[in-house]
Amino acid sequence: MAAQLHIIATSEEGTRAALRAARQLKRQLKVARTVLLVPCAPAQAIATPDERLDTVENYRQLASETGVDVTIRICLGSTCSEMARWMLPPGSTTVVGGRRR
């Protein structure tokens, strides 16, 4: 059993697609916990507590609409690769949404 499944938030459409894919993976891998990592640029880090709460609630609603129960983590960092380096355990299963190529 995989302990956690990580999703990296991108655009609204990309995150929704990643959440749908994660819903399928969660069943297949029998994941105990799903974590949605939301990148936050340093300039956004000065947001008020109400603004941060709104951000979390927007992602929680998005996850709820796709049927995925997630723990949301706002991650301060300048790039997604920096966030991944600090927040993703080695060998973790991670889903990143984006355009189909």
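1. Let's start inside. Setting aside residues up to four places away in sequence, Thr-15 touches Ala-9, Thr-10, Leu-36, Tyr-59 and Leu-62. Thr-15 sits in helix H1, and its relative accessible area is 0%, so it counts as buried. Keep in mind throughout that this is a predicted model.

2. Now the overall layout. The chain has three helices and four strands, and along the sequence they follow the pattern β-α-β-α-β-α-β. Of the 101 residues in the chain, 32% are buried.

3. Next, a helix pair. Two packed helices are described by the angle between their axes and the distance between the axes. Here, helix H1 (residues 12-29) packs against helix H2 (residues 49-66) at an angle of about 45 degrees, and the axes are 9 Å apart. That angle makes H1 oblique to H2. The crossing of H1 past H2 is right-handed.

4. Which residues make the contact between H1 and H2? On the H1 side they are Glu-12, Thr-15, Arg-16, Leu-19, Arg-20 and Arg-23. On the H2 side they are Tyr-59, Leu-62, Ala-63, Glu-65 and Thr-66. Sorted by class, the contact of H1 with H2 has five charged, four nonpolar and two polar residues. Thr-15, from point 1, is one of the H1 residues here, and Tyr-59 and Leu-62 of H2 are among the residues that Thr-15 touches.

5. On to the nonpolar cores. In soluble globular proteins, nonpolar side chains tend to be buried together. In this chain the largest nonpolar core has 17 residues. Inside that core, the residues with the most contacts are Ile-7, Leu-19, Leu-36, Val-38, Tyr-59, Val-70 and Ile-72. Strand E1 (4-8), H1, strand E2 (33-40) and H2 each give two or more residues to this core. Its largest share, four residues, comes from H2. Apart from this core lies another, of six residues, including Ile-8, Val-35, Met-83 and Leu-88.

6. Val-38 deserves a look of its own. Not counting residues up to four places away in sequence, Val-38 touches Ala-9, Tyr-59, Ile-72, Arg-73, Ile-74, Cys-75 and Met-83. Two of those names, Tyr-59 and Ile-72, were also listed among the residues with the most contacts inside the largest core.

7. Leaving aside neighbours within four places in sequence, Ala-9 is in contact with Thr-15, Leu-36, Leu-37, Val-38, Pro-39 and Tyr-59. Ala-9 and Ile-74 are 65 residues apart in sequence, while their C-alpha atoms are 9.8 Å apart in space.

8. Then compare two residues in one loop. Gly-67 lies in the loop between H2 and E3, and Val-68 is found in the loop between H2 and strand E3 (71-76). Gly-67 is exposed, with a relative accessible area of 55%, whereas Val-68 is buried, with a value of 8%. Apart from neighbours within four places in sequence, Val-68 is in contact with Leu-19, Arg-23, Thr-34 and Ala-63.

9. Val-68 and Arg-20 are 48 residues apart in sequence and 7.9 Å apart in space, C-alpha to C-alpha. For Gly-67 and Arg-23, which are 44 residues apart along the chain, the separation of the C-alpha atoms is 7.3 Å. Arg-20 and Arg-23 are also among the H1 residues in the contact with H2.

10. Lys-30 has a phi near 55 degrees, a positive value in a residue other than glycine. Where is Lys-30? Lys-30 lies in the loop between H1 and E2, and with a relative accessible area of 57% it is exposed.

Definitions and conventions:
Residues are numbered from 1 along each chain as its sequence is written. This is a predicted model: local features need pLDDT of at least 70, side-chain atom pairs count only at pLDDT 80 or more; totals for chains, interfaces and linings use all residues. Side-chain values use heavy atoms; hydrogens and water are left out. Axes are lines fitted to C-alpha atoms, for helices over the stretch in contact, and angles run from 0 to 180 degrees between N-to-C directions. Angles under 35 degrees count as roughly parallel, over 145 as roughly antiparallel, 65 to 115 as roughly perpendicular and the rest as oblique. A crossing is left-handed if the near helix is turned anticlockwise from the far one by less than a right angle, and right-handed if clockwise. Contact means heavy atoms within 4.5 Å. Ala, Val, Leu, Ile, Met, Phe, Trp, Tyr, Cys and Pro count as nonpolar, Asp, Glu, Lys and Arg as charged, and the others, Gly among them, as polar. A nonpolar core is a set of buried Ala, Val, Leu, Ile, Met, Phe, Trp, Tyr and Cys residues joined through side-chain atoms within 4.5 Å. Buried means under 20% relative accessible area, exposed over 50%, partly exposed in between (1.4 Å probe, protein chains only).
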